[in-house]
Amino acid sequence: MLLSGGLDSLVAAKLLLDQGIELEGLNFTSPFCTCGGAAGGCAAATRSAKQLGIPLKIVAKGMDYLQIVEHPKHERGRALNPCIDCRIYALKKAKEYCKEVDADFIATGEVAGQRPMSQTRYKLQLIEKEAGLDGLVVRPLSAKLLPPTIPEQKGLVDREKLLAVGGRGRKTQMELAKKNNYGYDCPAGGCLLTEREYSRKLVDLFEHKPYSLRDVLLLRIGRHYRLNEKAKVVLGRNEAENALLQKMTGDNALLEPDFPAPTALVTRKASRALGEAAWLVLKHAKKKGRLLCEGKEIIPVEPPSCKRL
Ligand code: SF4
C-alpha cells in the first residue's frame, strides 16, 4: 500500500484491511516533501501506519529521482513537478519491493479525476502500464470507476466492497476517517516541486553541476543568491535557519557575524566570493560588525552581479 501520510491512502488502506487483506505500507520521502520532513522519514505516514496497525517501510528517493525531476519523459505540472514520471518511479520501486516480500499486488489511495495531471483515468492506466504493472494496481477508493484489476478478477480483492469515488472532493474520505476515528495531518500531502519560487532555485542548481543531495536540501532554507557560475550564497532568515546553515555547512564556507545579522553559507571558499557574501550579509543587517570565516575577518566587497533566486 503506497502510504503517503495523507487522507486518501489512509482510508483506502482501511477498505482493504476490512476485507482481511494483509498490508504493508510503503512511503517515499524526498527533499521535496513538505509533509513531515525531508529525508528523515514521513511523520504523517508513520502515524497512518500506526492507526492502521500495519508495518511501514520508508524509502528515500535519491539521485535517481533527481535525474527524473531534471529530465522527465512526460510533461510537468504548473512548476517543476513531473507528476506522471514521479508516479511511475514510485510504482517501479514498489514493484521491486513486492518481489522482495512476495506481495500479490500494489494498492494506492489515488482517486480518479482528483488531479488533472496524473489521476485522470487515462493517466492512471498509462502510469501503471509504464511501470510494468498493467492491471496490478488496486485503487480502492475509485475501483468501481476503473476496469477490474487482476487481483479483483482472481478474487483476491472483493470489488463489491470497494468504492466509486471520483473528483476533487474529499467528503467520502473524511467521513470514512471520522467513522474510524482516524486523525490525519496532511489531507493532500505537500510537494515543493509544485511551487514556482522553489522550482526557480532548483533550476539554478540543475544549471550549475555537480550538485549533491545536500545542495538540494539546502534549497529549503534561507535566501539564495547566485554570485557567478561557481559561487552561491545562502543567508539565514532567522536564528533557526542560521543554526541549520551551521549544521549543513559540509564542504562550503560559513560566514558568521559577531553581531545580530544573517549567517551566510558560501559555496566557494575563494576570498572574492567570501567578500561578496559579507557585503550581502551587511545589506541585510541593521547593525555593523565583524564577519568571520574560520576565525579570519572577511572584508566586504560589492559584487559586480548578484541574482536573487
Ligand atoms: S506533486 Fe510532487 S510528489 Fe506528488 S506526484 Fe507530483 S511530483 Fe510527485
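**Figure 1. Ala79 in its loop.** Ala79 sits in the loop that links helix H3 (63-70) to H4. The model shown here and in the other views is predicted. Is Ala79 buried, exposed or partly exposed? With 17 other C-beta atoms within 10 Å, Ala79 is partly exposed, because a residue needs 20 or more such atoms to be buried and 12 or fewer to be exposed. Apart from neighbours within four places in sequence, the residues in contact with Ala79 are Leu193, Thr194, Glu195, Arg196 and Ser199. Asn180 is 101 residues from Ala79 in sequence, and their C-alpha atoms are 36 Å apart in space.

**Figure 2. The residues around the ligand.** Which residues are found around the ligand? They are Asn81, Pro82, Cys83, Cys86, Arg87, Ser118, Cys191, Leu193 and Thr194. By type, this shell consists of five nonpolar residues, three polar ones and one charged one. Leu193 and Thr194, listed here around the ligand, are also among the contacts of Ala79.

**Figure 3. Arg87 in helix H4.** Arg87 belongs to helix H4 and is one of the residues around the ligand. Arg87 counts as buried, with 26 C-beta neighbours inside 10 Å. The cut-off for a buried residue is 20 or more, so Arg87 meets it. If residues up to four places away in sequence are not counted, Arg87 touches Ser118 and Ile127. Ser118 is also listed around the ligand. From Arg87 to Lys144 there are 57 residues in sequence and 21 Å in space, C-alpha to C-alpha.

Figure 4. Helix H8 covers residues 196-206, and its buried residues are Ser199, Lys201, Leu202 and Leu205. Why do they lie on the same side of H8? They cover an arc of only 160° around the axis, and this places them on the same side of the helix. What do the buried residues of H8 pack against? Their partners are helix H9 (213-218) and strand S5 (223-226). On the face turned away from the buried side, H8 carries the exposed residues Arg196 and Glu197.

Figure 5. Lys209 and Pro210 are joined by a cis peptide bond, with omega about -5°. Most peptide bonds are trans. Pro210 is located in the loop between H8 and H9.

**Figure 6. Two loop residues with positive phi.** Most residues other than glycine have a negative phi. Asn181 is not a glycine, yet its phi is positive, about 60°. The loop that holds Asn181 runs between helix H7 (171-179) and H8. Asn181 has 7 C-beta neighbours inside 10 Å and counts as exposed. Glu294, also not a glycine, has a positive phi of about 50°. Where does Glu294 lie? Glu294 is in the loop between strand S9 (291-293) and strand S10 (296-297). Glu294 counts as exposed too, with 11 C-beta neighbours inside 10 Å.

Figure 7. How many of the eleven residues of helix H1 (residues 7-17) are buried? Nine of them are, so H1 is largely enclosed by the rest of the structure. The buried residues are Leu7, Asp8, Ser9, Leu10, Val11, Ala12, Ala13, Leu15 and Leu16. They pack against helix H2 (43-52), strand S3 (106-107) and H7.

**Figure 8. The largest nonpolar core and Val266.** The largest nonpolar core contains 81 residues, and Leu255, Ala264, Val266 and Ala277 have the most contacts inside it. Helix H4 (residues 83-101) gives the largest share of this core, eight residues. The core lies between domain 1 (7-192) and domain 2 (221-308), because both give residues to it. Setting aside neighbours within four places in sequence, Val266 is in contact with Ala231, Val233, Asn252, Ala253, Leu255, Ala273, Leu274 and Ala277.

**Figure 9. The chain as a whole, for orientation.** The chain has eleven helices and eleven strands. Its C-alpha trace spans about 75 × 40 × 35 Å along the principal axes. The centres of domain 1 and domain 2, taken over C-alpha atoms, are 41 Å apart. Of the 309 residues, 41% count as buried. Among contacts in the chain with a separation of 6 or more, 59% join residues 24 or more positions apart.

Conventions:
Residues are numbered from 1 along each chain as its sequence is written. This is a predicted model: local features need pLDDT of at least 70, side-chain atom pairs count only at pLDDT 80 or more; totals for chains, interfaces and linings use all residues. Helices (H or I, at least four residues) and strands (E, at least two) are DSSP runs, numbered from the N terminus. The arc is that of the directions from the helix axis to the C-beta atoms. Two residues are in contact if their C-beta atoms, placed from the backbone, lie within 7 Å. A residue is near a molecule or strand if its C-beta atom, placed from the backbone, lies within 6 Å of it. Ala, Val, Leu, Ile, Met, Phe, Trp, Tyr, Cys and Pro count as nonpolar, Asp, Glu, Lys and Arg as charged, and the others, Gly among them, as polar. Domain bounds come from an automatic or database domain assignment. A nonpolar core is a set of buried Ala, Val, Leu, Ile, Met, Phe, Trp, Tyr and Cys residues joined through C-beta atoms within 7 Å.
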